[in-house]
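Opened a new page for this one.

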Amino acid sequence: MLEIRDLHVRLEEEDKPILKGLSLTVEAGKVHAIMGPNGSGKSTLSYVLAGRDGYEVTGGSATLDGEDLLEKEPDARAAAGLFLAFQYPVEIPGVNNMTFIRTALNAQRKARGEAEISAPDFLKQVRETAKSLNIGPEMLKRAINVGFSGGEKKRNEILQMAMLAPKMCILDETDSGLDVDAMKLVAEGVNALRAPDRGFLVITHYQRLLDHIVPDVVHIMVDGRIVETGGAELAARVEREGYGALVKATA
Amino acid sequence: MLSEKLIDDKRRTAEALLAALPLPEGESAWARDARARARSRLLDAGAPIRRDEYWKYTDPTALTAPAAPVAPAPEGGLPSALALFAGHAARRIAFVNGRQRPDLSDDAAQAGLAIAPLGEVLAHDVTWARGLFGALEAAGQEKVARPLAALNTAAATEGAALHVTGAVAEPLHLAHTQIGEGAALLRHLVRVESGGAVTLLESGIAGNTVMEIDLAPGAVLRHIRLQDAPERPTATHVFARLGAGAKFQTFTLTADGSLTRNEVVMEFAGDDAQGHIAGAVLGRGESHVDNTVFVTHGAERCESRQVFKQVLDGAAKAIFQGKIFVRQVAQKTDGYQISQSVLLSDDAEFSAKPELEIYADDVKCSHGSTTGALDEGGLFYLMARGIPLRQAEAMLVGSFVEEAVAEIADEDLREIMRARVADWMGARG
């Protein structure tokens, strides 16, 4: 589904290479996790895949179901089925959360040549989905992420993910800033979306999120490359031994 | 300091401005006196020039070209420009070429409201008008000259005189349009008595428009203007005096068009009053919009707010000059001012000049100003959800302007402004 081959990326402003030949394939129906120490390039990978400005791809490729992602604008990548759950969801005052989700959904449908969702259908669906994530109607009516707690912001990301029904979900440090209860709620939301035709890439620094979203494959990323790949037990090893041992072993 | 030659030039231009306009006729002695004093004020101050500190960012040349009044427009159907605010229940008072047009106006009569053409109150001894016409304009010249407002007092013969004694159910809509070249002057007088409340809408503002607003203790006035692509240079002045506990809100949306200078001069004359002045500017092409605000706190525990948002594209320019002046008696003043701009192009330009002058020691006053591009993080967030660039920009611009729009009390009117902002962004192409 998501295929990244020998990806090289540098920060435009600092002329600094961040990703140094990263390769990774996420199959449909699978949950892959990327773990790594701070500064290893995990968040850069998520931004580059979603199309944020400020990064230059100097080599390699990234495709979703064979379609080149890197040439597309961010909105076209979303319409192609890519979703990024932000580490720091952006607050946008004055834009109603529900209006935002409907605008996004209809923009994607339009880009794919599909009909817009009817207002009653949307309303029904968004209310049901919100309820399952413990998101009340008042949160739907508020401005996007404005005045939301850390947990509410992350649940709002999962709500958008559920409503947009992407093929490929990237979760960037979704556990950061969450207490255990909030993390469980978010993880349940993600698990509910696991499906045979959907892939997940869960980026995290700590193992704890992976106790709740159990991955099929775990990759360890150090200094812009994948240095080790294994099963869920690899995450437990990182937790036990720390990244230091792995960094040394691959140096 | 200006040279003697410049001072002479200013006076000569002021004389020429006056000479181009006919002397009002058939007015009562008090009105003639008020006119004479205004002529002196204008001649003493002289016409504004770029060298005046108050006109540093806006070249007034286009506003000081002497011109005879525009000829009356032929009778005919309703010009579309008068239909702004359509859909919002309001009684229209129509003006075409600076002249009131009863044939295009609604019946404005409502409980709590007495309304007359300006000429009528100036021809009689109407006590409330006598204490108001030219009085707030003159008071507003205390710290800085406003010659174009004095010109209006000296020469404007048309406008609406509103005396509000109760809660007026439906808003009044002062609508103007101009067909053909020449000067158009309007002067509106508004006195709201204690217990009175009214909403005034204004659109298609005449080239030189002055509104004097006098709020008795506890009176409420809401004023909402839509300046949609003015075809000719426009200078407006709103003078408001607030009695104790009075509430005043004014909001202006200015979209594109010719050079526009809007001055709002507000004075707190009684304690515990509240005055909010807000505006949004949408500028593209060569448009030039200057919002200049002067707030005088002359009483205790009053709250003033100035919220101005400008969205600038192309080679558009916007200016915000805002001053909070707190007299020694005005303890516990709460004054707030913010002016912010989003620049959508490299050639757009915003200049802000915030000023505080405070003589009381127990006050809370703050001001802030920012200029920059649209938030890159916000744009990426919206686009990452599938929203195309232009649509994402429009959403962020709507979000940016919302703080000013939120100053409007009526949700229906807020929606009209939001829709105008969305249309403007939609027309970017």
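First a reminder to myself: strands here are DSSP runs of E, at least two residues long, numbered from the N terminus. I also keep in mind that this is a predicted model.

**Largest cavity.** With that, I looked up which strands of chain B each supply at least two residues of the lining of the largest cavity. They are E9 (220-228), E11 (247-255) and E13 (274-283). The space inside is about 60 Å³. Among the lining residues I noted B:Arg222, B:Phe251, B:His276 and B:Glu407. By class I get 5 nonpolar, 4 polar and 2 charged residues. The count of cavities of 30 Å³ or more comes to 4.

**Second largest cavity.** This one holds about 50 Å³. Its lining includes B:Phe95, B:Leu174, B:His176 and B:Glu202. Strands E5, E6 (185-192) and E7 of chain B each give two or more residues to that lining, and E5(B) has the largest share, 3 residues. The classes are 6 nonpolar, 5 polar and 1 charged.

**Strand E5(B).** I went on to this strand next. Is it enclosed or open? All 6 of its 6 residues (172-177) are buried, so E5(B) is largely enclosed by the rest of the structure. In a regular strand the side chains alternate between the two faces of the sheet. Here B:Leu172, B:Leu174 and B:His176 sit on one side, with B:His173, B:Ala175 and B:Thr177 on the other, and both faces are covered.

For its neighbours I checked the bridges. E1 (91-96) of chain B runs parallel to E5(B), joined by 6 bridges, and B:Phe95 has B:His176 as its bridge partner. E7 (197-203) of chain B is parallel to E5(B) too, with 4 bridges; there B:Leu174 is partnered with B:Glu202.

**Contact between the chains.** I find 29 residues of chain A and 18 residues of chain B in the contact. The buried area is about 1,900 Å², and carbon and sulfur atoms give 69% of it. On the chain B side, B:Phe380, B:Tyr381 and B:Arg385 supply 43% of what that chain buries against chain A, more than any other three residues.

**Largest pocket.** Its volume is about 570 Å³. Of the 21 lining residues, A:Gly94, A:Val95, B:Met395, B:Gly398 and B:Arg418 lie nearest the centre. Strand E7 (92-96) and helix H3 (97-111) of chain A, plus helices H8 (389-405) and H9 (411-426) of chain B, each give two or more residues to the lining. H8(B) gives the most, 8 residues. I sorted the lining into 9 nonpolar, 7 polar and 5 charged residues.

Key. Residues are numbered from 1 along each chain as its sequence is written. Chains are lettered from A and ligands numbered from 1 in the order in which they are written. This is a predicted model: local features need pLDDT of at least 70, side-chain atom pairs count only at pLDDT 80 or more; totals for chains, interfaces and linings use all residues. Side-chain values use heavy atoms; hydrogens and water are left out. Buried means under 20% relative accessible area, exposed over 50%, partly exposed in between (1.4 Å probe, protein chains only). Two strands pair if DSSP finds at least two bridges between them. On a 1 Å grid over the protein atoms alone, a cavity is a set of points where a 1.4 Å probe fits but cannot get out, and a pocket is an open set with protein on both sides within 12 Å along at least five of seven lines; lining residues have an atom within 4 Å of a point. Grid points are joined across faces, edges and corners, and a volume is the space filled by probe spheres set on the points. Ala, Val, Leu, Ile, Met, Phe, Trp, Tyr, Cys and Pro count as nonpolar, Asp, Glu, Lys and Arg as charged, and the others, Gly among them, as polar. Contact means heavy atoms within 4.5 Å. Buried area is the accessible area (1.4 Å probe) that two parts lose on being put together, summed over both.
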